[in-house]
Amino acid sequence: MRQGLSSTVNDKLKHIGHTELEIQNNKMSELSELYQQVILDHNKKPRNFRKLETANHTAEGYNPLCGDQLTVYLSLEDDAVRDIAFEGSGCAISKAAASMMTQAVKGKSKQEAEKLFNEFHRMVTGELDEEIEANSLGNLIIFAGVRDFPVRVKCASLPWHTMHAALQNEGIISTE
Ligand code: ZN
């Protein structure tokens, strides 16, 4: 099921390449529509949304600005993320970002997970141009658009900050 979704997204992302000219002409509706579809799908059916009983690392994250809150459960074994899950409530962006974060990080080494956190954070804050700089973000680039909406940057990055805090055993974090 996970593979099915990924290939659908990849197909759509390939298609986006052809619409680059349209985007430059400020016809962003098609692109936004795709992004919204993926985000709404993850919001409606969040992946890995449960308490992970085998977790040996957990952290809680809060974004008081929007009211997003989540707990990230992580099972770290031999420096690899064997399993990851989350619980919480918040806006569609934060929930979709958390859902896609768990998919992206599952099975990765601690180092790879931290690298993705770094790339994602730099992308949503506008430091990384995903079109120019080589990166491992894959379908996570659908969150690039939030950098135009400063209030939403924290919604999208909260799950990643919380995952990072879980890896570092930091416990509780807040975006404020
Ligand atoms: Zn939010």
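Is the crossing of helix 4 and helix 6 left-handed or right-handed?

## Two packed helices

The crossing is right-handed. A crossing counts as right-handed if the near helix is turned clockwise from the far one by less than a right angle, and left-handed if anticlockwise. Helices here are DSSP runs of H or I with at least four residues, strands are E runs of at least two, and both are numbered from the N terminus.

Helix 4 spans residues 92–105 and helix 6 spans residues 150–167. They pack at about 35 degrees, with axes 8 Å apart. Axes are lines fitted to C-alpha atoms over the stretch in contact, and angles run from 0 to 180 degrees between N-to-C directions.

## About the model

This model is predicted: local features need pLDDT of at least 70, side-chain atom pairs count only at pLDDT 80 or more, and totals for chains, interfaces and linings use all residues. Residues are numbered from 1 along each chain as its sequence is written.

## Strand 2 and its partners

Strand 2 covers residues 68–77 and holds T71. Strand 1 (residues 57–63) runs antiparallel to strand 2, joined by seven bridges. Strands pair if DSSP finds at least two bridges between them. E60 has T71 as its bridge partner. Strand 3 (residues 80–89) is also antiparallel to strand 2, with nine bridges. There, V72 is bridged to F86.

## T71 up close

T71 counts as partly exposed because it has 19 C-beta neighbours inside 10 Å. The cut-offs are 20 or more for buried, 12 or fewer for exposed, and partly exposed in between, with C-beta atoms placed from the backbone.
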